[in-house]
Amino acid sequence: MLQGLKVVELATWIAAPGCAAIMADWGADVIKVESLGGDATRTFFPESPETPGNPIFTMENRGKRGVALDIASPEGREAMLGILSGADVFITNVRPGALKRARLDYETLKAAFPRLIYASVSGVGLEGPDVDLPAFDITVFWTKSGVGRSHIPPDQEPFACRPGFGDHTTALATLSSILAALHERHATGRGRLVECSLLRTASYALGWDMATQLRFGEAPTTQPRNLRPHPISGIYFRTLDDRWITFVLKGPTCYPTLMKVLGHPEVIDDPRYALPTTDLDIVREIRARADAAFARMTLAEAAVILTEADLAWAPLQSLSEVVGSEQYLATGCAVEVSDGWGGRMASPAAPGRFPEGAPEVTRGAPKLGEHTREVLAEAGVAEEVIQKVMARLG
(Lines give C-alpha, C1' and ligand atoms only; values in the text may rest on other atoms or scores of the structure.)
Protein backbone atom coordinates (compact mmCIF):
# COMPACT_ATOMS: atom_id res chain seq x y z
CA MET A 1 0.00 0.00 0.00
CA LEU A 2 1.57 3.35 1.01
CA GLN A 3 4.39 2.02 3.21
CA GLY A 4 7.55 4.06 2.75
CA LEU A 5 5.64 7.24 1.90
CA LYS A 6 6.26 10.19 4.21
CA VAL A 7 3.40 12.64 4.54
CA VAL A 8 3.57 15.91 6.46
CA GLU A 9 0.31 17.56 7.46
CA LEU A 10 0.02 21.18 8.60
CA ALA A 11 -3.72 21.43 8.99
CA THR A 12 -6.65 21.62 11.35
CA TRP A 13 -10.32 20.68 11.44
CA ILE A 14 -11.39 18.00 8.97
CA ALA A 15 -10.85 17.97 5.18
CA ALA A 16 -7.04 17.98 5.06
CA PRO A 17 -6.51 15.90 8.23
CA GLY A 18 -9.13 13.43 6.99
CA CYS A 19 -7.20 12.91 3.76
CA ALA A 20 -3.96 12.36 5.68
CA ALA A 21 -5.70 9.95 8.07
CA ILE A 22 -6.71 7.66 5.20
CA MET A 23 -3.12 7.72 3.95
CA ALA A 24 -2.04 6.65 7.46
CA ASP A 25 -4.64 3.86 7.36
CA TRP A 26 -3.01 2.66 4.16
CA GLY A 27 0.47 2.56 5.66
CA ALA A 28 1.99 6.00 5.06
CA ASP A 29 4.12 7.61 7.78
CA VAL A 30 1.99 10.68 8.48
CA ILE A 31 3.40 13.45 10.66
CA LYS A 32 0.82 15.88 11.96
CA VAL A 33 2.25 19.31 12.79
CA GLU A 34 0.07 21.30 15.17
CA SER A 35 0.37 24.70 16.77
CA LEU A 36 1.25 24.76 20.45
CA GLY A 37 -2.46 25.19 21.15
CA GLY A 38 -3.36 22.08 19.19
CA ASP A 39 -5.92 21.25 16.53
CA ALA A 40 -9.36 22.74 17.21
CA THR A 41 -11.00 19.31 16.98
CA ARG A 42 -9.22 18.32 20.19
CA THR A 43 -11.79 20.47 22.00
CA PHE A 44 -14.67 18.20 20.95
CA PHE A 45 -15.30 15.59 23.64
CA PRO A 46 -12.18 16.53 25.68
CA GLU A 47 -10.37 13.44 26.91
CA SER A 48 -9.69 12.32 30.47
CA PRO A 49 -9.15 8.97 32.20
CA GLU A 50 -12.90 8.95 32.88
CA THR A 51 -13.86 9.76 29.25
CA PRO A 52 -11.03 8.45 27.06
CA GLY A 53 -10.99 8.52 23.30
CA ASN A 54 -12.17 11.70 21.54
CA PRO A 55 -14.17 10.20 18.62
CA ILE A 56 -13.86 13.28 16.38
CA PHE A 57 -10.13 13.89 16.75
CA THR A 58 -9.40 10.16 16.61
CA MET A 59 -11.26 9.65 13.34
CA GLU A 60 -9.40 12.48 11.60
CA ASN A 61 -5.97 11.79 13.09
CA ARG A 62 -5.57 8.10 13.91
CA GLY A 63 -2.31 6.46 12.93
CA LYS A 64 -0.36 9.73 12.76
CA ARG A 65 2.67 10.90 14.70
CA GLY A 66 2.20 14.23 16.42
CA VAL A 67 4.55 17.22 16.43
CA ALA A 68 3.82 20.62 18.00
CA LEU A 69 5.66 23.70 16.68
CA ASP A 70 5.49 27.46 16.72
CA ILE A 71 6.30 27.87 13.04
CA ALA A 72 6.53 31.65 13.46
CA SER A 73 9.64 31.23 15.64
CA PRO A 74 13.08 30.74 14.02
CA GLU A 75 13.53 27.30 15.57
CA GLY A 76 9.97 26.31 14.67
CA ARG A 77 10.47 27.19 11.03
CA GLU A 78 13.85 25.42 10.93
CA ALA A 79 12.26 22.34 12.46
CA MET A 80 9.41 22.50 9.94
CA LEU A 81 11.82 22.65 7.02
CA GLY A 82 13.73 19.73 8.50
CA ILE A 83 10.58 17.63 8.61
CA LEU A 84 9.72 18.59 5.03
CA SER A 85 13.19 17.74 3.75
CA GLY A 86 12.41 14.03 3.53
CA ALA A 87 8.70 14.28 2.78
CA ASP A 88 6.89 12.95 -0.27
CA VAL A 89 3.64 14.82 0.36
CA PHE A 90 2.77 18.04 2.19
CA ILE A 91 -0.93 18.56 3.00
CA THR A 92 -2.15 21.87 4.36
CA ASN A 93 -5.37 23.81 4.73
CA VAL A 94 -3.78 26.92 6.24
CA ARG A 95 -5.06 29.96 4.37
CA PRO A 96 -2.87 31.07 1.45
CA GLY A 97 -1.99 34.44 2.97
CA ALA A 98 -0.82 32.90 6.22
CA LEU A 99 1.28 30.32 4.37
CA LYS A 100 2.98 33.04 2.35
CA ARG A 101 3.78 35.02 5.52
CA ALA A 102 5.27 31.87 7.05
CA ARG A 103 7.21 31.23 3.81
CA LEU A 104 5.57 27.82 3.54
CA ASP A 105 3.67 28.52 0.32
CA TYR A 106 4.26 26.38 -2.74
CA GLU A 107 6.28 28.99 -4.64
CA THR A 108 8.70 29.32 -1.73
CA LEU A 109 9.13 25.59 -1.14
CA LYS A 110 9.20 24.11 -4.64
CA ALA A 111 12.81 25.06 -5.40
CA ALA A 112 14.08 23.52 -2.16
CA PHE A 113 11.89 20.41 -2.44
CA PRO A 114 11.39 19.69 -6.15
CA ARG A 115 9.98 16.15 -5.54
CA LEU A 116 7.40 17.31 -3.01
CA ILE A 117 3.71 16.86 -3.78
CA TYR A 118 2.20 20.00 -2.24
CA ALA A 119 -1.55 19.52 -1.56
CA SER A 120 -3.51 22.67 -0.83
CA VAL A 121 -6.97 22.14 0.67
CA SER A 122 -9.06 25.29 0.82
CA GLY A 123 -12.53 26.72 0.81
CA VAL A 124 -12.61 28.18 -2.69
CA GLY A 125 -9.20 27.51 -4.23
CA LEU A 126 -6.11 29.66 -4.64
CA GLU A 127 -7.49 32.34 -6.96
CA GLY A 128 -10.36 34.82 -6.82
CA PRO A 129 -11.66 37.41 -4.35
CA ASP A 130 -12.54 34.98 -1.52
CA VAL A 131 -9.28 33.02 -1.18
CA ASP A 132 -8.40 34.32 2.28
CA LEU A 133 -11.88 34.19 3.79
CA PRO A 134 -12.44 31.55 6.47
CA ALA A 135 -14.33 28.54 5.11
CA PHE A 136 -16.04 25.44 6.49
CA ASP A 137 -18.13 22.74 4.88
CA ILE A 138 -21.35 24.25 6.28
CA THR A 139 -20.56 27.70 4.88
CA VAL A 140 -18.96 26.77 1.54
CA PHE A 141 -19.64 23.14 0.59
CA TRP A 142 -23.27 23.32 1.72
CA THR A 143 -24.35 26.97 1.61
CA LYS A 144 -22.22 28.99 -0.81
CA SER A 145 -22.02 26.15 -3.37
CA GLY A 146 -25.78 25.77 -3.90
CA VAL A 147 -25.82 22.22 -2.50
CA GLY A 148 -28.03 23.22 0.44
CA ARG A 149 -30.47 25.22 -1.68
CA SER A 150 -30.82 22.26 -4.03
CA HIS A 151 -31.66 19.91 -1.14
CA ILE A 152 -33.99 22.10 0.95
CA PRO A 153 -37.57 22.39 -0.33
CA PRO A 154 -38.64 26.03 -0.77
CA ASP A 155 -41.43 25.66 1.83
CA GLN A 156 -38.92 24.75 4.58
CA GLU A 157 -36.57 26.89 6.63
CA PRO A 158 -32.91 26.35 5.64
CA PHE A 159 -30.96 23.79 7.64
CA ALA A 160 -27.24 22.94 7.76
CA CYS A 161 -25.51 19.76 6.63
CA ARG A 162 -24.21 17.41 9.29
CA PRO A 163 -20.68 18.16 10.54
CA GLY A 164 -17.87 16.92 8.31
CA PHE A 165 -20.19 15.91 5.46
CA GLY A 166 -18.60 18.11 2.81
CA ASP A 167 -15.18 17.91 4.43
CA HIS A 168 -14.96 14.16 4.03
CA THR A 169 -16.03 14.36 0.39
CA THR A 170 -13.25 16.91 -0.11
CA ALA A 171 -10.80 14.67 1.76
CA LEU A 172 -11.47 11.88 -0.74
CA ALA A 173 -11.08 14.30 -3.66
CA THR A 174 -7.76 15.46 -2.25
CA LEU A 175 -6.56 11.90 -1.74
CA SER A 176 -7.31 10.89 -5.32
CA SER A 177 -5.53 14.01 -6.61
CA ILE A 178 -2.44 13.29 -4.51
CA LEU A 179 -2.29 9.72 -5.76
CA ALA A 180 -2.47 10.96 -9.36
CA ALA A 181 0.43 13.35 -8.71
CA LEU A 182 2.46 10.58 -7.09
CA HIS A 183 1.88 8.36 -10.11
CA GLU A 184 3.12 11.15 -12.38
CA ARG A 185 6.21 11.62 -10.21
CA HIS A 186 7.25 8.03 -10.91
CA ALA A 187 7.81 9.10 -14.52
CA THR A 188 9.00 12.69 -14.13
CA GLY A 189 10.76 12.70 -10.77
CA ARG A 190 9.09 16.03 -10.04
CA GLY A 191 6.46 17.06 -7.55
CA ARG A 192 3.68 19.49 -8.22
CA LEU A 193 1.00 21.63 -6.64
CA VAL A 194 -2.32 19.82 -6.06
CA GLU A 195 -5.29 22.01 -5.28
CA CYS A 196 -8.65 20.86 -3.90
CA SER A 197 -11.40 23.06 -2.53
CA LEU A 198 -14.74 22.67 -0.83
CA LEU A 199 -16.39 24.70 -3.59
CA ARG A 200 -15.06 22.72 -6.53
CA THR A 201 -15.75 19.40 -4.78
CA ALA A 202 -19.31 20.52 -4.03
CA SER A 203 -19.86 21.44 -7.67
CA TYR A 204 -18.83 17.93 -8.70
CA ALA A 205 -20.74 16.22 -5.89
CA LEU A 206 -23.93 18.02 -6.87
CA GLY A 207 -23.47 16.22 -10.14
CA TRP A 208 -26.59 16.02 -12.29
CA ASP A 209 -28.09 19.27 -11.00
CA MET A 210 -24.95 21.29 -11.69
CA ALA A 211 -24.53 19.71 -15.13
CA THR A 212 -28.14 20.63 -15.94
CA GLN A 213 -27.61 24.18 -14.67
CA LEU A 214 -24.49 24.64 -16.78
CA ARG A 215 -26.18 23.25 -19.89
CA PHE A 216 -29.63 24.85 -19.71
CA GLY A 217 -29.25 27.77 -17.27
CA GLU A 218 -31.57 26.23 -14.71
CA ALA A 219 -31.92 23.03 -12.72
CA PRO A 220 -34.56 21.37 -10.55
CA THR A 221 -34.37 21.53 -6.77
CA THR A 222 -35.97 19.37 -4.12
CA GLN A 223 -39.70 20.10 -3.94
CA PRO A 224 -42.34 19.49 -1.26
CA ARG A 225 -43.74 15.96 -1.38
CA ASN A 226 -47.01 16.96 -3.05
CA LEU A 227 -45.11 18.69 -5.87
CA ARG A 228 -42.61 15.94 -6.59
CA PRO A 229 -42.98 14.95 -10.26
CA HIS A 230 -42.56 11.18 -9.82
CA PRO A 231 -45.22 9.30 -7.86
CA ILE A 232 -42.89 6.63 -6.46
CA SER A 233 -39.15 7.04 -7.08
CA GLY A 234 -37.36 8.93 -4.34
CA ILE A 235 -40.55 9.32 -2.31
CA TYR A 236 -40.78 8.26 1.36
CA PHE A 237 -43.80 6.23 2.49
CA ARG A 238 -44.97 5.73 6.08
CA THR A 239 -45.78 2.22 7.32
CA LEU A 240 -48.32 1.09 9.90
CA ASP A 241 -45.66 1.04 12.64
CA ASP A 242 -44.61 4.63 11.86
CA ARG A 243 -41.49 3.77 9.88
CA TRP A 244 -40.42 5.26 6.56
CA ILE A 245 -39.22 3.53 3.39
CA THR A 246 -38.19 4.75 -0.03
CA PHE A 247 -37.58 3.38 -3.54
CA VAL A 248 -35.61 3.97 -6.68
CA LEU A 249 -37.13 2.46 -9.80
CA LYS A 250 -34.21 0.76 -11.53
CA GLY A 251 -36.00 -0.07 -14.78
CA PRO A 252 -39.34 0.09 -16.63
CA THR A 253 -40.69 -3.08 -15.02
CA CYS A 254 -40.31 -1.83 -11.44
CA TYR A 255 -43.33 0.49 -11.44
CA PRO A 256 -45.86 -2.16 -12.54
CA THR A 257 -44.22 -4.70 -10.23
CA LEU A 258 -44.56 -2.38 -7.26
CA MET A 259 -48.18 -1.53 -7.95
CA LYS A 260 -48.98 -5.22 -8.32
CA VAL A 261 -47.42 -6.23 -4.98
CA LEU A 262 -49.16 -3.28 -3.33
CA GLY A 263 -52.52 -4.65 -4.48
CA HIS A 264 -53.25 -2.15 -7.26
CA PRO A 265 -52.91 -4.09 -10.53
CA GLU A 266 -55.62 -1.88 -12.08
CA VAL A 267 -53.05 0.91 -12.37
CA ILE A 268 -50.83 -1.13 -14.69
CA ASP A 269 -53.27 -1.37 -17.60
CA ASP A 270 -54.90 2.05 -17.27
CA PRO A 271 -53.28 4.42 -19.81
CA ARG A 272 -54.08 7.38 -17.58
CA TYR A 273 -51.49 6.11 -15.11
CA ALA A 274 -48.71 5.40 -17.59
CA LEU A 275 -45.32 6.89 -16.71
CA PRO A 276 -43.73 9.31 -17.25
CA THR A 277 -46.50 11.85 -16.76
CA THR A 278 -46.44 15.62 -16.26
CA ASP A 279 -49.94 15.65 -14.75
CA LEU A 280 -49.50 16.21 -11.01
CA ASP A 281 -53.06 15.13 -10.34
CA ILE A 282 -52.25 11.70 -11.81
CA VAL A 283 -49.02 11.59 -9.83
CA ARG A 284 -50.93 12.27 -6.63
CA GLU A 285 -53.54 9.62 -7.40
CA ILE A 286 -50.86 6.96 -7.88
CA ARG A 287 -49.02 8.08 -4.75
CA ALA A 288 -52.22 8.04 -2.72
CA ARG A 289 -52.73 4.37 -3.62
CA ALA A 290 -49.17 3.59 -2.47
CA ASP A 291 -49.63 5.65 0.71
CA ALA A 292 -52.76 3.71 1.61
CA ALA A 293 -51.13 0.34 0.89
CA PHE A 294 -48.10 1.01 3.06
CA ALA A 295 -50.23 2.46 5.86
CA ARG A 296 -51.79 -1.02 6.20
CA MET A 297 -48.53 -2.94 6.62
CA THR A 298 -45.63 -2.88 9.05
CA LEU A 299 -42.07 -2.31 7.95
CA ALA A 300 -41.32 -6.02 8.42
CA GLU A 301 -44.28 -6.97 6.25
CA ALA A 302 -43.29 -4.46 3.58
CA ALA A 303 -39.72 -5.75 3.65
CA VAL A 304 -40.85 -9.26 2.74
CA ILE A 305 -42.94 -8.34 -0.30
CA LEU A 306 -40.53 -5.71 -1.62
CA THR A 307 -37.46 -7.92 -1.30
CA GLU A 308 -39.21 -10.87 -2.91
CA ALA A 309 -40.13 -8.57 -5.82
CA ASP A 310 -36.46 -7.57 -6.21
CA LEU A 311 -37.24 -3.86 -5.86
CA ALA A 312 -34.61 -1.30 -4.82
CA TRP A 313 -35.90 -0.08 -1.49
CA ALA A 314 -34.56 0.81 1.95
CA PRO A 315 -35.87 1.78 5.36
CA LEU A 316 -35.03 5.18 6.82
CA GLN A 317 -32.72 4.09 9.63
CA SER A 318 -31.28 5.75 12.71
CA LEU A 319 -27.53 5.60 13.31
CA SER A 320 -28.07 3.16 16.19
CA GLU A 321 -29.88 0.81 13.80
CA VAL A 322 -27.15 1.18 11.19
CA VAL A 323 -24.18 0.41 13.45
CA GLY A 324 -26.00 -2.53 14.99
CA SER A 325 -26.89 -4.13 11.69
CA GLU A 326 -25.31 -7.31 10.37
CA GLN A 327 -24.61 -5.65 7.01
CA TYR A 328 -22.72 -2.72 8.58
CA LEU A 329 -20.39 -5.17 10.28
CA ALA A 330 -20.02 -7.38 7.20
CA THR A 331 -19.14 -4.38 5.03
CA GLY A 332 -16.37 -3.40 7.45
CA CYS A 333 -17.66 0.10 8.04
CA ALA A 334 -15.84 0.45 11.37
CA VAL A 335 -12.34 -0.25 12.65
CA GLU A 336 -11.13 -0.69 16.22
CA VAL A 337 -8.28 1.57 17.30
CA SER A 338 -6.51 2.62 20.49
CA ASP A 339 -8.34 5.23 22.53
CA GLY A 340 -5.00 6.61 23.74
CA TRP A 341 -5.65 5.63 27.35
CA GLY A 342 -5.04 1.90 27.24
CA GLY A 343 -8.40 0.91 25.85
CA ARG A 344 -9.98 0.35 22.44
CA MET A 345 -12.70 2.20 20.55
CA ALA A 346 -14.59 1.85 17.26
CA SER A 347 -14.09 4.47 14.55
CA PRO A 348 -15.52 4.88 11.02
CA ALA A 349 -13.37 3.07 8.47
CA ALA A 350 -12.03 4.62 5.29
CA PRO A 351 -14.35 3.77 2.38
CA GLY A 352 -11.84 1.70 0.40
CA ARG A 353 -11.38 -1.96 1.36
CA PHE A 354 -8.63 -4.32 0.21
CA PRO A 355 -9.73 -7.94 0.79
CA GLU A 356 -6.39 -9.39 -0.36
CA GLY A 357 -4.48 -7.59 2.39
CA ALA A 358 -3.81 -4.11 3.73
CA PRO A 359 -2.17 -2.52 6.78
CA GLU A 360 -4.09 -3.17 9.96
CA VAL A 361 -5.69 -0.02 11.32
CA THR A 362 -5.18 -0.08 15.08
CA ARG A 363 -3.27 3.05 16.15
CA GLY A 364 -5.18 5.90 17.69
CA ALA A 365 -4.49 9.61 17.46
CA PRO A 366 -1.37 11.22 18.98
CA LYS A 367 -1.35 13.34 22.09
CA LEU A 368 -0.37 16.96 21.42
CA GLY A 369 3.32 17.02 20.51
CA GLU A 370 3.74 13.36 21.49
CA HIS A 371 6.37 12.54 18.87
CA THR A 372 8.06 15.93 18.50
CA ARG A 373 11.54 14.94 19.65
CA GLU A 374 11.43 11.60 17.83
CA VAL A 375 10.39 13.12 14.49
CA LEU A 376 12.84 16.02 14.65
CA ALA A 377 15.73 13.72 15.51
CA GLU A 378 14.85 11.45 12.57
CA ALA A 379 14.80 14.51 10.31
CA GLY A 380 18.34 15.46 11.35
CA VAL A 381 17.34 18.68 13.10
CA ALA A 382 20.15 20.00 15.27
CA GLU A 383 19.91 19.12 18.97
CA GLU A 384 20.03 22.76 20.07
CA VAL A 385 17.04 23.49 17.83
CA ILE A 386 15.18 20.48 19.21
CA GLN A 387 15.80 21.70 22.74
CA LYS A 388 14.38 25.15 21.93
CA VAL A 389 11.33 23.55 20.32
CA MET A 390 10.76 21.28 23.32
CA ALA A 391 11.15 24.23 25.70
CA ARG A 392 8.31 26.04 23.93
CA LEU A 393 6.19 22.90 24.06
CA GLY A 394 6.76 22.68 27.79
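A salt bridge is a side-chain nitrogen of Lys or Arg within 4 Å of a carboxyl oxygen of Asp or Glu. The model is predicted, so local features need pLDDT of at least 70 and side-chain atom pairs count only at pLDDT 80 or more, while totals for chains, interfaces and linings use all residues. Residues are numbered from 1 along each chain as its sequence is written, and side-chain values use heavy atoms, with hydrogens and water left out.

**Exercise 1.** Describe the salt bridge of Arg 272 and Glu 285.

*Solution.* Begin with the distance, which is 4.0 Å from N to O between the two side chains. Finally, consider accessibility, where buried means under 20% relative accessible area, exposed over 50% and partly exposed in between (1.4 Å probe, protein chains only). Arg 272 counts as partly exposed because its relative accessibility is 46%, and Glu 285, at 31%, is also partly exposed.

**Exercise 2.** Are Glu 9 and Lys 32 buried or exposed, and which elements hold them?

*Solution.* First, their side chains meet in a salt bridge of 2.5 Å, N to O. This pair links distant parts of the chain, since Glu 9 is in strand β1 (residues 6–10) and Lys 32 in strand β2 (residues 29–34), 23 residues apart. Both Glu 9 and Lys 32 are buried. Lastly, salt bridges that share partners join Glu 9, Lys 32, Asp 39 and Lys 64 into one network.

Notes:
Helix = DSSP H or I, 4+ residues; strand = E, 2+ residues; numbered from the N terminus.
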